[in-house]
Amino acid sequence: MQQKSHASSWFLNPNPNIEAKVRLFCFPYAGGGASLFRTWSRGLLPDVEVWAMQLPGRENRLQDVLIRDLPEVVETLAHVLLPYLTLPFAFFGHSLGAFIAFELVRKLRIKNGPVPLHLLVSGQRAPHIPNPFPPLHQLPDPDFLEGLNHRYSHIPESVLQCKKFMQLLLPVLRADFTMHETYKYKVDAPVDCPITAFGGLQDPEVGEDDLSSWADQTNNAFTSEMFSGDHFFLECSRTDILRAVAKTLKLRCLMS
C-alpha cells in the first residue's frame with residue numbers, strides 16, 4: 001500500500017487558528033498517536049497552533065503500512081512539512097518523538113530549510129548516549145510485552161486481556177520500538193536552535209545526566225527541567241509541562 005505523503009495525513013491540527021503566530025509540531029512516544037496532543041492548545045498561548053504527528057497504523061491511519069525506519073519517517077516529514085513552515089515554529093517530541101524531532105531539525109538543515117525557534121525534547125536521553133537497555137523489538141510477542149511491562153509498567157491489564165485491541169496495538173508497538181532501537185546517531189555539527197530537555201523525576205529509563213547531555217547537540221542556549229512522574233510524566237504533569245512550553249515559546253517569540 002502506498003504511503004500518503006501530504007501533511008494532512010501525517011499531522012493533525014485539532015484546533016485550527018487563523019490568528020496563529022507560532023506553530024508547535026508535536027511528536028508522540030512509541031505506540032502513541034496524535035490524540036495525545038488534542039487538548040494541548042488549551043494550555044498554551046492563544047497565538048500558538050498545535051500540529052500533532054500521526055504515524056501510519058494508528059487512529060485515523062489504521063489502514064496505512066507501518067514504518068520501522070526512523071530516517072524514512074524523517075525524510076517524508078521534511079518533505080510534507082515545508083509548506084507549513086511559513087510561520088515561526090517549534091518542535092516538541094517525547095521519547096521516540098524526541099529523536100524524530102531532533103533528526104527532522106537536522107534534515108531541514110541539509111535541505112536548507114527554516115530553523116525552528118526551539119527544539120523541546122522530553123523523556124529521552126541525548127542521541128549520542130548509547131542505549132543501555134537490551135533491545136525488545138525482535139522478541140516473541142509474550143516476551144516483548146513482558147519486557148515492555150517490566151520497563152514501563154504502562155499497559156493496563158484490561159488492555160492486555162483484550163485480544164482484539166492487542167492485535168491492533170502489538171504491531172504498532174513493535175514497529176515503533178524497531179524504529180527506536182535501530183536508530184543510529186551520526187556525528188554532525190550541533191543544531192542552531194536552542195534546546196530544552198524535560199525529564200521525569202521517577203523515570204527509571206532517562207536520568208538527569210542523560211538529559212543534560214542534550215546540551216552537546218546545540219550551539220545555542222540549553223535548559224532542562226524535571227517534572228513529577230515516571231517515563232510517562234507527559235500525562236501526569238501535563239499542566240506543568242504546558243506551562244513550561246508556553247513560557248519557552250513566549251520567550252523565543254520575544255527574542256526572534
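How much space lies in the largest cavity? About 40 Å³ lies there.

## Basis of the model

The model is predicted; local features need pLDDT of at least 70 and side-chain atom pairs count only at pLDDT 80 or more, while totals for chains, interfaces and linings use all residues. Residues are numbered from 1 along each chain as its sequence is written, and side-chain values use heavy atoms, with hydrogens and water left out.

## The largest cavity

A cavity is a set of points, on a 1 Å grid over the protein atoms alone, where a 1.4 Å probe fits but cannot get out. Grid points are joined across faces, edges and corners, and a volume is the space filled by probe spheres set on the points. By this rule there is 1 cavity of 30 Å³ or more.

Asn131, Arg151, Tyr152, Phe177, His180, Glu181 and Glu205 line the largest cavity; a lining residue has an atom within 4 Å of a point. At least two lining residues come from each of helix H4 (141-152) and H6, helices being DSSP runs of H or I with at least four residues, numbered from the N terminus. H6 supplies the largest share, 3 residues. The lining comprises 2 nonpolar, 2 polar and 3 charged residues, where Ala, Val, Leu, Ile, Met, Phe, Trp, Tyr, Cys and Pro count as nonpolar, Asp, Glu, Lys and Arg as charged, and the others, Gly among them, as polar.

## Packing of H3 and H6

Helix H6 (residues 163-181) also packs with helix H3 (residues 96-110): their axes come within 10 Å and cross at roughly 55 degrees. Axes are lines fitted to C-alpha atoms over the stretch in contact, with angles from 0 to 180 degrees between N-to-C directions. H3 and H6 are therefore oblique to each other, as angles under 35 degrees count as roughly parallel, over 145 as roughly antiparallel, 65 to 115 as roughly perpendicular and the rest as oblique.

In H3, Leu96, Phe99 and Ile100 meet Asp176, Met179 and His180 of H6, contact meaning heavy atoms within 4.5 Å. The residues of this contact divide into 4 nonpolar, 1 polar and 1 charged.

## The second largest pocket

A pocket is an open set of points with protein on both sides within 12 Å along at least five of seven lines. The second largest pocket has a volume of about 310 Å³. Its lining has 15 residues, and Pro71, Glu103, Tyr183, Lys184 and Lys186 lie nearest its centre.

Helix H2 (70-81) and H3 are the elements that give two or more residues to this lining, and H3 gives the most, with 4 residues. The lining of the second largest pocket divides into 7 nonpolar, 1 polar and 7 charged residues.
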